[in-house]
Amino acid sequence: MSVLGAPGWLALGWVLGTALQLQQVQLWSLPAYGVPVLAALLFAGWRYRSWPGGVLVALAGALAFGAAGWRSLERSADRLAPALWGQEVQLVGVVASLPVRGPQGMRFVLAVESAQMRGEPVRVPQRVALSLWQPAHGAASLEPERLPAVTAGDRWQMPVRLRPVHGLSNPHGGDRELHAWSEAVGAQGSLRPGARWLEATGRYPLERWRQSLSDRLQYRLAPGSHGGVLAALAVGDQDAIAEADWALFRRTGVAHLMAISGLHITLFAWLTVAVIQRWWRWAGRLWPALLLRAPASRVAAVGGWGAATAYALAAGWGVPAQRTVLMLALALWLRQGARRWLGPVQWLVVLAAVLCREPWAWLQAGFWLSFVAVGVLMASDGGSAREAGGRWRVVLRLLREQLTITLALAPLSLWLFGETSLVGLLANLVAIPWVSFVVTPLTLMGGPIPVLWDGAAMAMDPLHALLQWLSASDMAVWSRPAWPLPWALAAMAGGGLAVWPGPPLWRCAGGLMLAWAFTWSPDRPPPGHFRLLALDVGQGSAVLVQTRTHALLHDTGPAWGAAGDAGARVVVPTLRALGVAPDRVMVSHRDTDHAGGRAAVQAAWPLAQWSSSDPALAPRRCQRGQAWQWDGVRFEVLSPLAEDYGDDGRGRWPANAMSCVLRVQAADGTAAVLTGDVDAPRETRMALSEPQLRVDLLMVPHHGSRSSSSPVLLNAWRPSVAIVQAGFMNRFGHPAPDVVERYRERSVRLVDTPSCGAVSWRSQVPGAVGCERLQRLRHWHVPVSPAAQRQGSASPS
């Protein structure tokens, strides 16, 4: 048939069929998915081994497409009904996940058994993600004793305000809705007062055990003693790792080690095999017939695979764990049956098996990092496994493999995350043996012998210090703009060929492809024009303005308390992925929904010039009369006035009234106005002072609050497009219905970030608006309309 054989072609078809279904924006009906499934099953009993590879690919692809679509229909039917958006519901259910606790609250998943609203039963999704959070502007963190003692497997009755799962949508950003969809979570909710524990159940025993071990470990170790890292290594509790530690591990390229990875599972299986072989042979000396019926090699292989499976289940059964267990199972099956499959066939079969269980893993970064790393090692082996020699040859081989992995994965990391660690090779050469052979064994043995956890924490201290030293350099991480898909594929193919042990000509070709990919750079507006991007930061503001060679950031997004801020999580990653470094940052005023991300932005671009109406935020204040030009584009501050400041440099008015209002005008007169939270009196003053001002795009003041968007302003400036930056179903009800009606009466196109995601606009085409959410729309995204948001926000508590 070919070198792939029937298993390879079938696996390739399954992978392609799954990938195709995941591109659907709207799901088909159940019969439409049933047709390809039935057609493929009808042919399944034939002698498929004699069929051409293309036929096998088509049949397996049809079966995978229908199966993935079928499962998607089931999940779509389990979504929260719009009538329940924002409503308070009494839920009875069982805690189905490890609760994640922090200084400002907790979150967990509840498997719902029943639900009532106002005494009447209602239908809600089977799994709901619940949370209890202190607001970011709260005076103090929540004390642990104030949080309910939630344990996996316990049944609770909880009053909950429900809402659909909705995530931020920005260029090259993550997809929270996809994550919830893959976890079969159909809604999210916030806990209300009155939760009541009912009983402990026998459900979710594995999650209960994992939580117990994680709690014991972290309780034993003092804060700051790497308890979160050890919990991640012991039971896969990655949420226990502090955000600062995650940032350190990502910056040094060792994040893959700080959870149960394929390397740890394989090592655990290997140790189990060695122990079983020794004990089984010892038993064989006492009962020789035992070895005749069950050879030690076979018993040890099966026992090692069983131990690896148990360890992977204890880790939460993530994609790397699934891949490793399936790889081990396939190798065991091939060895016991004296079969021989080529490496690419094994790789494809395991990849298809993972997608069979979890189709949505195809879109996860961890899936590709895991499988590409294994594929590169398999392709670059080149017979090194058969090399003879002593310890130095083994060391050199390990060095070569680590260098190969680092170079081959660098293009993939740059595409997925916009950065790659330049110190990762050195960090991994130390961290891989230290974590695998010292920290992880001590952590695992600490379950029955808790004192060993102290030793594991002590072993992490020198590694942590080394990683901090490596990450301190400005050259530790290399960032570059995110590639478009064709360029990314070329870069990854070039990286693979460059490390492949094939003919030198192929390696040269790979190097040329890689070099060609790095010549790409993002496009810029032409001279005299500008581009505006209103980022999706929730209930807050952050707007990027780009000219040909310069960029300005107006506001830095909100702070989210212990969960971080939009500056670190949205603004900085998005601007880096776009290849933008702001020359100026203007923080309109001191409110945390506009200035909350200031620290992260300052750390990322320390040379940018800063201005604000609050002297505590920037040394230079903004005031009317300030103006400059970049690439033929004029920037002009419209408010506040010089007399709005006191002798001490502080504003005479409330923070909103002191908002820095900026007008940006292209060479042809097309203009946009960025308003912050300016109030109606200041709006009226600006409108009456310059009623002839042309405004094509208006950033809606104060997120659409009733205190702004006055009729005087709208009548004088007459914008064509208006953008609202607000949170999905925010508690303020922004934009207010009467404000929306004002824009509608004047035929202004009103666009909001919860429905549109990040909004892009260009001065060359002032009537066109780009919506990131609509460009990335897939069937798992929640259909959002402004009317539904307002209805949910206005629901009684």
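Predicted model: local features only at pLDDT ≥ 70, side-chain atom pairs only at ≥ 80, totals over all residues.

Biologist: Okay, how many salt bridges does the structure hold?

Modeller: The structure holds 23 salt bridges, where a salt bridge is a side-chain nitrogen of Lys or Arg within 4 Å of a carboxyl oxygen of Asp or Glu.

Biologist: Which parts of the chain does the pair of Arg155 and Glu113 link?

Modeller: Arg155 and Glu113 meet through their side chains at 2.7 Å, N to O, and the pair links distant parts of the chain, with Arg155 in strand E6 (residues 154-163) and Glu113 in strand E3 (residues 105-117), 42 residues apart. Helices (H or I, at least four residues) and strands (E, at least two) are DSSP runs, numbered from the N terminus. Arg155 is buried at a relative accessible area of 17%, whereas Glu113 is partly exposed at 37%; buried means under 20% relative accessible area, exposed over 50%, and partly exposed in between, with a 1.4 Å probe and protein chains only. Glu113 and Arg155 also belong to a network of salt bridges with Glu199 and Arg203.

Biologist: And where do Asp644 and Arg685 sit?

Modeller: The side chains of Asp644 and Arg685 form a salt bridge at 3.0 Å, N to O. Asp644 lies in the loop between strand E18 (633-639) and strand E19 (661-665) and Arg685 in helix H22 (residues 680-689), so the pair ties together parts that are 41 residues apart in sequence. Asp644 is buried, with 3% relative accessibility, while Arg685 is partly exposed, with a relative accessible area of 27%.

Biologist: Switching topic: what is the volume of the second largest pocket, and which residues lie nearest its centre?

Modeller: The volume of the second largest pocket is about 620 Å³, and among its 26 lining residues Pro171, His172, Asp523, Arg531 and Leu578 lie nearest the centre. Elements giving two or more residues to this lining include strand E11 (531-534), helix H19 (566-578) and strand E25 (765-771).

Biologist: How do you define a pocket and its volume?

Modeller: On a 1 Å grid over the protein atoms alone, a pocket is an open set of points with protein on both sides within 12 Å along at least five of seven lines, a cavity is a set of points where a 1.4 Å probe fits but cannot get out, and lining residues have an atom within 4 Å of a point. Grid points are joined across faces, edges and corners, and a volume is the space filled by probe spheres set on the points.

Biologist: Then how many cavities are there of 30 Å³ or more?

Modeller: There are three cavities of 30 Å³ or more, and the largest cavity holds about 90 Å³ of space. The largest cavity is lined by 14 residues, with Ser541, Gly676, Met699, Val700 and Gln725 nearest its centre.

Biologist: Is helix H6 mostly covered or open?

Modeller: Helix H6 (residues 227-235) is mostly covered, with nine of its nine residues buried, and H6 is followed by Gly236, whose phi is positive, near 75°.

Biologist: What about Trp287, buried or exposed?

Modeller: Trp287 counts as exposed at 56% relative accessibility, and the residue is placed in the loop between helix H8 (262-286) and helix H9 (288-293).

Biologist: Last topic, which peptide bonds are cis?

Modeller: A cis peptide bond joins Ser639 and Pro640, with omega about 5°, and another cis bond runs from His734 to Pro735, with omega near -5°. Pro640 lies in the loop between E18 and E19, and Pro735 in the loop between strand E22 (721-724) and helix H24 (737-745).

Biologist: And what is phi of Ser709?

Modeller: Phi of Ser709 is near 55°, a positive value in a residue other than glycine, and Ser709 counts as buried at 0% relative accessibility.

Terms used: Residues numbered from 1 in each chain as written. Heavy atoms only, no water.
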